[in-house]
Each structure stands twice: as structure tokens, then as C-alpha cells.
Amino acid sequence: MPYPSSEALTAATLSFQDSTPYAEQFGDVYHSNEGGLAQARHVFLSGNDLPGRWQGRAEFSMLETGFGLGLNFLATWQAWRADPLRCRRLHYTSIEKYPFHAADLAQLHARWPELDAFSVQLRAQWPALTAGAHRLLLDEGQVELTLVLGDVADCLPRLDLRCAAFYLDGFAPAKNPGMWAPPVLSHLHKLALPGATLATFSAAGPVRQALRQAGFVCKRRPGFGSKWHMLAARFSPEEALAQSLRSVTNG
Ligand SMILES: C[S@@+](CC[C@H](N)C(=O)[O-])C[C@H]1O[C@@H](n2cnc3c(N)ncnc32)[C@H](O)[C@@H]1O
């Protein structure tokens, strides 16, 4: 995974809409204003049938697009730590183009005192904000976080991984279409283990179509808070192809 490692990145600017973290540049919030941690658990963990799917395994690898304030990561790590049947090692890779400075993460994470011990460990190893892959060994090395700093369109094709679960979290597709473009999502095909699962808060038609082309069979599930739907998907290229052919035949 060769990356330029000295190129400085533009850090995220901390701002809020009402009291929810907000990205001016994208005109969107970092998480639901009905609860960030509850959303992480409902959409991303439950949408991937976690913690159940990592139980009893030696290791479990997952990939996120959009690390943001790391709430999905912290929620996942916390659930893993609390699970007596957890896999021995958790590999979590996350891609982020505009990372926060550690001081901003501290301010953001202070809203969730139950995550404090995890946030402290994460911030103690928070890397310099330079492009490339930064590996953090947390929880005595049992949790490996690979932060890939750069644009998802450049980073996804360079990853050499096989993942059992995916979190797609790149702002609303209408506000950040580049993150959801079919050529970008097509790279998930080579990164997915058979039967891998995927979850995202967006159930938009073009996202479902791009995921189907990447080999995922999508199901709508009840969304978080006032959102009607979210997507939970399973990597099954033959089934996804059959679905695509049926939709062409049915016009
Ligand atoms: C909704 S936020 C993610 C929230 C995050 N998953 C969490 O748990 O806190 C979307 C993230 O995608 C990042 N992003 C937007 N466009 C990107 C791109 N082209 N490549 C990589 N990251 C991008 C943003 O900087 C932002 O941090």
C-alpha cells in the first residue's frame, strides 16, 4: 500500500449546527441530531449484525469510509470490549480526507463520558495529519486501527485487504456525491470477503444500484430516529447480478 507520507492534509474545522458537529464545506452534519452514539449502534453495528458476527473468531476485519470524529470506531471498540465472546483481534481500517486535530476530538468526545477511556487511548496515539496509512495499536494490540488519510477515490483502490464488514459514512450522497460514485464503490468488490456485510444510513436508489453493481444485495431496514430507512447489505455477487438482470428485464 504505497502512499506519499509527508504530504500535509487540510484538517477539519470544528463547527456546529445547533449542537451537532457540522461540516461547513459539505453543508452537512457529522451524525444524526437525534443522537450520534445511538445512530452508530443502530445503523452501523446492528446493520452489520455486530457484535454477533465477530463472536468466536480469531480476527475480524472491517472498513469504514469517513472516520470523522471516530464515533463509529469508538462505539465498535466499546461493543467489542464489552463482549465476552469477542474475536481475539479487531482490525478496523478507516479512510478520511479531512481529519480532526486531537484537541478537537477531545472536545467532541467529551459529550460521551462512557467513551472516555477509549477516546484517551485513541488521542494518545493520534498521528500527524499527513497523507497515507497510520497504524495505531490499541487495547494492548488487540484492536488495530489503520487510519488511511486521503481521498477515498485514491485510497480505496490501493487497499490490500479482505473485510467482513463495511461502514459507509460519507455525508449525504446529495451533498458529497464523490464518496458514493459507482466507480468508487466498485472497489468494494475486491475488498469484500464472501458473505461480508455492509451498512449505511442512506437508502438512496443510486447508492443501492452502485452497491448492487459492486456485488452487494441490499435490504432496506428501519432507519435511525426520524429516518424511514437505512441499508443493510450482504456481499453475494451472483445474487446481485441476478437482481440486476431482473431489474433490466422488468424495465
Ligand atoms: C458523516 S462524516 C463521518 C462520521 C464518522 N463515521 C464518525 O463516526 O464520526 C463523513 C466523513 O467523510 C469525510 N469525507 C468526505 N469526503 C471524503 C472523501 N472524498 N474522501 C475521504 N473522506 C471524505 C468527511 O471529512 C467526514 O469526516
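**Notebook: ligand site and ring pairs**

I started with Asp151: one of its polar side-chain atoms lies 3.4 Å from a nitrogen atom of the ligand. I count a polar contact as a pair of N or O atoms within 3.5 Å. The model is predicted, so local features need pLDDT of at least 70 and side-chain atom pairs pLDDT 80 or more, while totals for chains, interfaces and linings use all residues. Residues are numbered from 1 along each chain as its sequence is written, and side-chain values use heavy atoms, without hydrogens and water.

A polar backbone atom of Asn72 is 2.8 Å from a ligand oxygen. A polar backbone atom of Lys97 is 3.2 Å from a ligand nitrogen. Taken alone, the ligand exposes 600 Å², and the protein buries 96% of that (Shrake-Rupley method, 1.4 Å probe).

Then I listed the shell. I found 21 residues around the ligand (a heavy atom within 4 Å). Gly66, Asn72, Glu96, Val152 and Asp169 are the closest. The shell divides into nine nonpolar, seven polar and five charged residues; Gly counts as polar here.

I noted 15 aromatic pairs (ring centres within 6.5 Å; planes under 30 degrees apart are stacked, over 60 edge-to-face, the rest tilted). Trp54 and Phe60 form an edge-to-face pair, 6.3 Å centre to centre with 80° between the planes. Trp54 is buried at 0% relative accessibility, and Phe60 is buried at 1% (buried means under 20%, exposed over 50%, partly exposed in between; 1.4 Å probe, protein chains only). Phe166 and Phe216 have ring centres 5.9 Å apart and planes at 90°, so I logged this pair as edge-to-face.

Conventions. Polar contact = N/O pair within 3.5 Å; in protein donor to acceptor, adjacent residues only side chain to side chain. Phe/Tyr/Trp six-rings, centres within 6.5 Å; stacked < 30°, edge-to-face > 60°.
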